Amino acid sequence: MKKIKEIYENRISKWKKYSSYEIIKIKNCDYIVPSKNSVAEWYDPIENEEELISDVLNMGKIVADTEKYEKIKKTVFDFVSKYGLLGWIMYLPVNENFYLESTVFLTENEYFIFSNTTMDTKKYIEQFQIEPSKENIFGTAKTLGRSPVYELIFSKNYCEPVDWAICFLQEMYEHFRAKEMIYDPKYNPLEKFMLMKKIENFHHVGVPYVIKYYPTLGTYWIFNSLTMIIETACLIALGQKESPIAICKHCGKYFYREDIRIEYCSHKCRNRYHVYKSRNKNKKQLEK
Ligand SMILES: [Zn+2]
C-alpha cells in the first residue's frame with residue numbers, strides 16, 4: 001500500500017485547526033469561521049492520512065446521497081471541526097505570489113465555475129475575510145518560508161463558503177464511486193470507458209518541491225493546503241490496482257486497509273457480521 005507519508009517523507013504539511021467553529025451568513029451565503037473563543041492547535045493531517053481519507057469518503061457519500069441541506073451542512077461542519085478549513089485561498093491561484101500582484105489567475109477546476117479565470121487580488125482576498133482588509137497581506141515580507149497569506153488563513157478572520165466544501169467532499173467520493181462502477185458487471189464497455197476517463201481527468205498540478213533553510217536546510221515537499229493533502233491522498237489511493245480503500249462488509253463505510261484481504265473496518269464489525277450470519281443461519285434452520 002502506497003501512502004503519502006512514505007512518498008513525501010520530507011515535507012511541510014502542518015495545518016492549523018481551531019477547537020470550535022461556527023457558521024455565519026455573509027451576503028446571504030453560509031461561511032464557516034473559527035469561533036471567537038476557540039483555541040488553535042497544530043497538527044499534521046498526513047500523520048493520520050488513513051483516517052482522513054476514510055472520513056472524506058464517508059462524509060462525501062453522505063453529502064452525495066442526502067437531500068436535506070441541513071444534514072449536508074452538518075456533515076461539512078463536522079469535517080471542518082475535525083480537520084480545520086481547507087485553505088482554498090492558497091490552493092486555487094496559479095500564481096503562487098498572487099498577493100504581490102494585482103491579478104489572481106485561477107485554475108479551471110471541477111469544483112466551482114468561476115465566471116472569470118482572473119480576479120482582482122484585493123477582491124479575491126476579501127472573499128475569505130470576515131472583516132475585509134484586516135490583515136496586511138500586500139507586500140509583506142515572507143516569514144519563515146511561508147507566504148504572508150497564511151497569516152490570514154490561520155487567523156480567526158479567515159472564512160470559507162460551506163458550499164465549496166460540500167462540492168469538494170462530494171467530488172472526492174464520486175471518483176471512488178466511479179472506480180467501483182468500473183468493476184460492476186452492470187455497466188457496458190462504453191460506460192466503463194467514460195468512467196475511466198472521469199478518473200483520468202482527476203489530477204492536480206503537483207506538490208512543489210523546494211529548498212528551505214528553515215526548520216533545517218533541506219529539500220521539502222510543500223503542501224499548501226488541506227485541499228492539496230486530501231487530493232494527493234485520493235490520487236494515490238485511486239491509482240493503485242489493489243486499492244487500500246475498501247467498503248466494510250458489515251457497516252458499508254469506507255475504511256483504509258493495510259492488507260487487501262481485510263474486509264471489515266474494525267474488529268467490532270467483523271464480530272457483528274459473524275454473529276448476524278450465524279443468527280440468520282439458525283433462523284433458517286428453525287424455519288425448515
Ligand atoms: Zn464497519
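Q: Is Y124 buried or exposed, and what is its relative accessible area?
A: Here "buried" means under 20% relative accessible area, "exposed" means over 50%, and "partly exposed" lies in between (1.4 Å probe, protein chains only). Heads up: this is a predicted model, where local features need pLDDT of at least 70, side-chain atom pairs count only at pLDDT 80 or more, and totals for chains, interfaces and linings use all residues. Residues are numbered from 1 along each chain as its sequence is written, and side-chain values use heavy atoms, with hydrogens and water left out. Y124 counts as buried because its relative accessible area is 0%.

Q: How many aromatic pairs are there, and what kind do Y124 and F128 form?
A: Rings of Phe, Tyr and Trp (its six-membered ring) pair if their centres lie within 6.5 Å; planes under 30 degrees apart are stacked, over 60 edge-to-face, and the rest tilted. That rule gives 18 aromatic pairs. For Y124 and F128, the centres are 5.3 Å apart with 70° between the planes, making the pair edge-to-face.

Q: Why does the pair of F128 and Y158 count as stacked, and how many residues apart are they?
A: The ring centres of F128 and Y158 are 5.8 Å apart and the planes meet at 15°, so this pair is stacked. Helices (H or I, at least four residues) and strands (E, at least two) are DSSP runs numbered from the N terminus. F128 sits in the loop between α5 (121-126) and α6 (149-153), while Y158 sits in the loop between α6 and β8 (160-161), so the pair links distant parts of the chain, 30 residues apart.

Q: Which helix has 17 residues, and how many of them are buried?
A: Helix α2 covers residues 49-65 and reaches 24 Å from its first C-alpha to its last. That's close to the 24 Å expected at 1.5 Å a residue, where the expected span is 1.5 Å times one less than the number of residues. Helix α2 is largely enclosed by the rest of the structure, because the buried count is twelve of the 17.

Q: Where is K27, and what is its phi?
A: K27 is in the loop between β3 (21-26) and β4 (29-34). K27 is exposed, because its relative accessible area is 81%. K27 isn't a glycine, yet its phi is positive, near 45°.

Q: Which residue lies under K17, with its ring face towards it?
A: A charge sits over a ring if NZ of Lys or CZ of Arg is within 6 Å of the ring centre and within 35 degrees of the ring normal. K17 is 4.8 Å from the ring centre, lying over the face of Y43.
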